[in-house]
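Here's a quick briefing to read alongside the structure. Have a look at it first, then work through the points below.

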Amino acid sequence: MACARVPLDEQQVTEPGPIGKERTLPALHPDRKEERYFVPYRPPPENGSPAEVEEFLEHAKFIAEDMEWLLALPHDKFWCQVVFDESLQKCLDSYLHQAPRGLDLATLPLSPAVADVQRAVHKAIFLTFLRMATHKESKDHFFTPAVFGEIIYDNFLFDIPKILDLCVLFGKGNSQLLHKMIENIFTQQPAYYNDLDETLPTVLQVFDTILDKCGLRCEGATAMEPMKLNAQKQPTAMSMNLEELGDIILYLCDSTTTIHAFLDIFPAACSSFHSHGFLSRLPPFYEAAVPDLEKAIKKRNFDDKSLQEDLWKRLSHSCRKIVETSHLLLHHTCLQPILEGQENMQTFAEELLQYFTSFLPEKRFLVDYDELFPIADDVSLLQQALPVIDETRTSYLLQGVESAWDSMGRQRPLGHIQSEGVSLMSANQGAAGGTAASSDSFRAPELQESREGQKLRGAEAMMNVPQKGNNGAVCPVSGPELESLLSCIRDLLPDLGEGFLLACLQEYNYNSELVINNILEDRLAPNLEKLDRAMPRPVKEELPALLNNRSNVFDDDEFDVFRRDQVDMSRIWKGRRKGENAREMLNDKQHIAEQRDRYRTYETVVDEVVIEPGESGAVAYDLDDYDDEYDDTYDMNQVGANDLDGDSLLNRRPFTIPQVLRKGTKAEVEEQEQDEDDDDDVSQNNVNRDQFVQDPALLRERAEARRAAMQQKKGYHPERPSNVMGRPKGQGQTLETFLDRRKKEANKNRVGNHNRRSMADRKRNKGMIPS
């Protein structure tokens, strides 16, 4: 037997030879392969006749038994059979090619026996691929990682088409295992990344082929080459036969579902898709092909209405997968680096805004994308992560989204109405490819896609940011998503209580797949085993009323309706109060009479107090008797001697009663006002008026002084005055006089003569004037 703790690729085994003599062989050798024939897989029959059903059951049982025998082999024997048995590879490939997908199973009339056998084969095939992708089963059974990568790559045990089929077939319910499996394949053999890059042009060709078949690519502006004149025009979706239309929609549905499943399970491949411009190809294709195919399904006459419903369901499913694929690419290539705080966050944010801006012309795609994954949430996330984002650009983008909704004539769901404060949970809502709650909100017009048979994917329901659920506890999913998780589990396990399921979801990070798997296999955590499985849901705690804890300046006033049962409604009215007259209200002088008594007290001035003989002696003592403790320090100083006495102060400004409170006649009031005016005129004549207009000569002198000070500050020297007169004749002239005369002669033509000399010289030079 093989030695322990030695890689399988280095082990040697000793076995008897054909003639009975023992020989030593490598552990991986063709002679060690068991002779067993693995039959290819056939899909379940569609019409469900008894003979075909019996044939399928027998055929599928052979495959299930063979796979169970293969999985029971030891490590070395298993790999010898996998590497060197061609019938096994053909059986596995046939299942990947012909096994029904999720939507196919919903249309097949499967009996319970057929469903059980199909489920057994499905599980056995998946476990076989899972063991094939594992290079280390235990400490004693393992491969050298580099050799393992060469074995699976050189023997074509895995390739990119097989990996895509594995994702779409086994992704539902096994996303975590499948992610580890594919990640191990790409890690041990990096050459698969190169194969993926070479495969992507073929994947992109899928959309070009559909546009060609529908007659859209050659006529549109995106045509790669001009259409030949002698070429026949391609049939459109309305003119082609129903069988070809059905094939196109099936082709589109299978392609989009496969691409989305692969990117959802293996997000590391998003960078490869992004580098090939996948995001730039999806929106134009969606805008061109989807309305045309929808119109063909709705307008054409179908003899079989079930076929029309099936095609519409598949087309709606394809639309949703295209939108979710676009969001996956945006999230993992632009949003995720921003959330993780990587370098060049500004570059990723700019790229994200650039993609959103490129979506604006594709209004149908933009509306459907915004319905599933609101763009305002991503914009809010960017504004929180990078406050330097241009608000004008984001405002333009959000207005473009609103305009797209209006142009499509559709009303935005209440759950996706834009608001100023958007939580981070909404921005991360599609991190795993779209949740069930988001997908449920996506509806195609007039015909609604059936959601029967589809379960919420636990990996898709996980969130990154804690939110409050309906149970009042902090959980990473919102309230509607938590209800979806509970309903999904209770559909399979109706005997369990909601309280127990909530505890299980909280324990396993709200992964419904893991909860269902651990409950069915009886592998719950010890703290969950102690709980009552019929435990009801805990009652939600009522929050205290906000009004009881408020504090306001109007508390306990006469209109505080929160603390008073009855309010005087006669003091509350709307608009002008009935029975009121503006003139009567102005003529009401009751408040003046109330103030008259107050002003009368100010005109009562008491200069001296008269003490009557009958008053108490204490008052007389205070006024007349000598005070032994009186301080006479300042008696000799004339303090306030020059001040005006009280009578003088009263003479300067006598006390007057306000005119409003006077009760005199009109004649007395006018006479008093006339006396006051005369006094003002006399006092005004005695005061000298100020000169309003100042002396101009004084103003010019001040301006000249300011100008001279400014020139001196700047170092400006005034020009010397010109002197052309000079000294009297015969006394000689100075150099300054000579220079001034020459300057005057040279500049004479600038002012008075209007360039006469220069023009005369010009005429003379041209021969117009004889010299």
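Let's start with helix α3, which covers residues 86-98 of this predicted model.

**Helix α3 and what surrounds it**

- Which residues of α3 are buried? They are Ser87, Leu88, Gln89, Cys91, Leu92, Ser94, Tyr95 and Leu96.
- Those buried residues pack against four other helices: α1 (50-71), α2 (75-84), α5 (112-132) and α7 (160-170).
- Met67 is in contact with several residues, including Leu88, Cys91 and Leu92, which are on the list of buried residues of α3.
- Met67 also contacts Phe38, Ala124, Ile125 and Thr128, once you set aside its neighbours within four places in sequence.
- Thr128 sits in helix α5, and it counts as buried because its relative accessible area is 0%, when the cut-off is under 20%.
- Skipping residues up to four places away in sequence, Thr128 touches Met67, Leu70, Leu71, Phe78 and Leu92.

**The nonpolar cores**

- In soluble globular proteins, nonpolar side chains tend to be buried together.
- Here, the largest nonpolar core has 127 residues, and the ones with the most contacts inside it are Met67, Trp79, Phe158, Phe262 and Phe273.
- Helix α13 (residues 305-339) gives this core its largest share, with twelve residues.
- Apart from that core there's another one, made of 21 residues, among them Val477, Phe500, Leu505 and Leu528.

**A closer look at helix α13**

- Cys319 is found in helix α13, and at 3% relative accessibility it counts as buried.
- How far apart are Cys319 and Thr257 in sequence and in space? They're 62 residues apart in sequence, and their C-alpha atoms are 9.9 Å apart.
- Helix α13 also holds Asp310 and Arg314, which are four residues apart and so separated by about one helical turn.
- Asp310 and Arg314 form a salt bridge, with 3.0 Å between the closest N and O atoms.
- Are Asp310 and Arg314 buried or exposed? Both of them are buried.

**Salt bridges**

- How many salt bridges does a search of the whole structure find? The search turns up 26 salt bridges.
- One of them joins the side chains of Glu294 and Arg364, at 2.6 Å from N to O.
- Glu294 lies in helix α12 (residues 278-299) and Arg364 in helix α15 (residues 363-372), so this pair ties together parts that are 70 residues apart in sequence.
- Glu294 is buried, with a relative accessible area of 5%, and Arg364 counts as buried too, at 9% relative accessibility.
- Arg364 also meets Asp368 in a salt bridge, this one at 3.1 Å from N to O.
- Asp368 and Arg364 both lie in helix α15, four residues apart, or about one turn of the helix.
- With a relative accessible area of 1%, Asp368 is buried.

**Out on the surface**

- Which residues make a nonpolar surface patch of about 290 Å²? They are Phe559, Met569 and Ile572.
- Met569 belongs to the loop between α24 (526-529) and α25 (582-587).
- Why does Met569 count as exposed? Its relative accessibility is 57%, and exposed means over 50%.

**The whole protein**

- The protein has 32 helices and four strands.
- Of its 771 residues, 36% are buried.
- Take the contacts between residues at least 6 apart in sequence: 67% of them join residues at least 24 apart.
- The accessible surface comes to about 49,100 Å², and carbon and sulfur atoms account for 51% of it.

How values were computed:
Residues are numbered from 1 along each chain as its sequence is written. This is a predicted model: local features need pLDDT of at least 70, side-chain atom pairs count only at pLDDT 80 or more; totals for chains, interfaces and linings use all residues. Side-chain values use heavy atoms; hydrogens and water are left out. Patches are made of residues with over 30% relative accessible area and no salt bridge: like charges are joined within 9 Å, nonpolar side chains (Val, Leu, Ile, Met, Phe, Trp, Tyr) within 5 Å. Accessible areas come from the Shrake-Rupley method with a 1.4 Å probe; for residues, only the protein chains shown count as cover. A salt bridge is a side-chain nitrogen of Lys or Arg within 4 Å of a carboxyl oxygen of Asp or Glu. Helices (H or I, at least four residues) and strands (E, at least two) are DSSP runs, numbered from the N terminus. Buried means under 20% relative accessible area, exposed over 50%, partly exposed in between (1.4 Å probe, protein chains only). A nonpolar core is a set of buried Ala, Val, Leu, Ile, Met, Phe, Trp, Tyr and Cys residues joined through side-chain atoms within 4.5 Å. Contact means heavy atoms within 4.5 Å. The expected span of a helix is 1.5 Å times one less than its number of residues.
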